[in-house]
Amino acid sequence: KDKVLESLKHFFRPEFINRLDEIIVFDILSAETTRSIVEMQIALVMKRLADKEISITIAPEVYEYLAKEGYNPQYGARPLKRLIQSKILTPLASMMVSHGVFAGGKVNIGLKGTEFTFDVTKGKDTRARGKAKARETVGV
């Protein structure tokens, strides 16, 4: 911390540093912390889908992949939200529209290599007077 603060004094002019109320030095995120952030973000996704009566199950390897790929030493876990958006939320939204995932539907998300897999159990489409449940596997 002392080295960082000392280098700030060499980089910024004293007039600028004196205008700052506080300087906070952050530590690099550990793998466990990154995994916790992934779990919190996925919990938010699950809650949003639960409000639509759609349940999702996510394989442990998906959490590991997201924790590894969503972390950048320079930016921390900031890229994680974009990764969850592109790998999970966008494909799920597409499935809701094109594959009829409605209330009562279930989606199991897995990982094959670096590709996410979605095992979909359709729910009842109340708009079409209760279509029968169907099951299909969708690869994205």
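Let's start with Phe12, which is partly exposed, at a relative accessible area of 31%. The cut-offs: buried is under 20% relative accessible area, exposed is over 50%, and partly exposed lies in between, with a 1.4 Å probe and protein chains only.

A word on the source. This is a predicted model, where local features need pLDDT of at least 70, side-chain atom pairs count only at pLDDT 80 or more, and totals for chains, interfaces and linings use all residues. Residues are numbered from 1 along each chain as its sequence is written, and side-chain values use heavy atoms, with hydrogens and water left out.

Now the rings. How many aromatic pairs does the structure hold? Three. One of them joins Phe11 and Phe12, edge-to-face, at 4.9 Å centre to centre and 90° between the planes. Phe12 also pairs with Phe16: the centres are 5.0 Å apart and the planes sit at 35°, so this pair is tilted. The rule: rings of Phe, Tyr and Trp (its six-membered ring) pair if their centres lie within 6.5 Å; planes under 30 degrees apart are stacked, over 60 edge-to-face, the rest tilted.

Ring pairs link Phe11, Phe12 and Phe16 into a cluster. Phe11 is exposed, at 68% relative accessible area. Phe16 is partly exposed, at 40%.

Next, Ile28. Where is it? In the loop between helix 2 (14–19) and helix 3 (31–51). Helices here are DSSP runs of H or I, at least four residues, numbered from the N terminus. Ile28 is exposed, with a relative accessible area of 69%. Ile28 and Asn72 are 44 residues apart in sequence, and 9.9 Å apart in space, C-alpha to C-alpha.

Note on methods:
Helices (H or I, at least four residues) and strands (E, at least two) are DSSP runs, numbered from the N terminus.
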